[in-house]
Amino acid sequence: MDKGTWTVKTGLAQMLKGGVIMDVVTPEHAKIAEEAGACAVMALERVPADIRAAGGVARMADPNVILAIMETVSIPVMAKCRIGHFVEAQVLEAIGVDFIDESEVLTPADETHHIWKHDFKAPFVCGCRDLGEALRRIGEGAAMIRTKGEAGTGNIVEAVRHMRAVMDELRKIGSMTTDELVAEAKELGAPLELVLDIHKTGRLPVVNFAAGGVATPADAALMLQLGAEGVFVGSGIFKSSDPEAIARAIVKTTTHYRDPEVIAEVSKGLGAAMPGLDIKTIPTDELLAPRGW
Amino acid sequence: MKKIGVLALQGAFVEHIALLHHLKVEAVPVRLPQELRGLDGLIIPGRESTTIGNLMKEYDLIALMRELALDGFPIMSTCAGMVLLAKNVSGINSETLGAMDIGVKRNAFGRQVDSFETDLDIPAIGEPHFHAVFIRAPHIERSGDGVEVLARLPNGVGVAARQGKMVVLAFHPELTSDLRLHAYFMSIVRSER
């Protein structure tokens, strides 16, 4: 019996496909998310919008917060560690977290190195803005990728930019001749074997979700139609006026993302979505997506 | 040509459809109640059983699927699907179809860090052993008289079973390229009884 293998790690990500992963800060939130049909929850001390507002250094959540959520729900529980902070990751693995998010939403602990994720039995998900970044993370052992977007803004524009970048580059590699792939791998800063693999299959070797800015059912469907295999919703649920309704609506939309009639139906009367932020009004040094490389 | 539906609410349904296509079987995703009509068999893929149970209820699929299951319709279900078909489940608060006379324990092996892969002896499909991937998997705690346990782990715990035209698997054949269990299911779909 082999535990913590690549198949088992990427396999859990496969099971999450077509689903919604919701940020929660209390067991009550987690229960609402589970009942609304979330395929997993992200256990946090604060949602990204509050992390953004609070400023300072954002760290891994108190293990008690995460454990309380793990005891409440039966769906997988994810938790975030800082980029490069492999000891926070060790702690999360030790308490039995099902998936670790090495996340730009927290303050990076290392500006040069990401965690060598192959050393862990728990699977990791990492953010990316383009294909090169995605493949560097997969090379380090990420079993799942999410585009970064700009967390805590309720603004989908960055998520769209990042998903389009990834999908465009996947298509480009698919249409290249074999002898162009080495230069392309160099250009992307990505491991050659992963570029060769994409050339063959036309797709990323792991599941890719969208994150960072999803606030409405239509936002979720937009990301899926652009190529995401599921969505993370951070502040979008519990910063809205009716979290339960919006959670259900986003789950339903994610299943029926190609069916405008369903999306129209579930979008009716949802109350106020989370307040949004124009990315241009955020000082450059407060943007989260450029964290990591 | 036989037509198999794959419940496509969430999870690895694309992989099941791809394996069926390799077997030259027509396979279609099922998201809405009307898509259950006109099928010769159904696959319920792996997923979180809580989520899939809630969604089946929400999308009005559960009553229709229970009708099919109790009527002896061919159904193969993996992981969470096994939980959904079981008569008794320890530690579940959402509704199941209760069509197979087995008792099942959810997340029986622990959390994700305890997920594993191993080679299983499954006499019904012969040699070689089947490479089985278990992800937050359930196992069979009890099986009734009409149930044939198809595979066990070395410690004796049942992880695959058949009753009538229903097959349940605690693991994920769709995460491998081994077609034998899907072929086995198709032989059940094609059989007269």
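This is a predicted model: local features need pLDDT of at least 70, side-chain atom pairs count only at pLDDT 80 or more; totals for chains, interfaces and linings use all residues.
Residues are numbered from 1 along each chain as its sequence is written, and chains are lettered from A in the order in which they are written. Local features need pLDDT of at least 70, side-chain atom pairs count only at pLDDT 80 or more, and totals for chains, interfaces and linings use all residues, while side-chain values use heavy atoms, with hydrogens and water left out.

In the interface, 40 residues of chain A contact 36 residues of chain B (contact: heavy atoms within 4.5 Å). About 3000 Å² is buried between the two chains, 54% of it on carbon and sulfur atoms (buried area: the accessible area, 1.4 Å probe, that two parts lose on being put together, summed over both).

Four salt bridges are found across the interface (a side-chain nitrogen of Lys or Arg within 4 Å of a carboxyl oxygen of Asp or Glu). A salt bridge links the side chains of Lys17(A) and Glu15(B), with an N to O distance of 2.5 Å. On the side of chain A that touches chain B, two or more residues each are given by strand E1 (2-3) and helices H1 (6-16), H2 (27-36) and H12 (243-255) (DSSP runs numbered from the N terminus; helices, H or I, of at least four residues and strands, E, of at least two). H1(A) supplies the largest share of this side, eight residues.

E1(A) also runs antiparallel to strand E7 (residues 116-120) of chain B, to which two bridges join it (strands pair if DSSP finds at least two bridges between them). Within E7(B), Phe116(B) is the bridge partner of Lys3(A).
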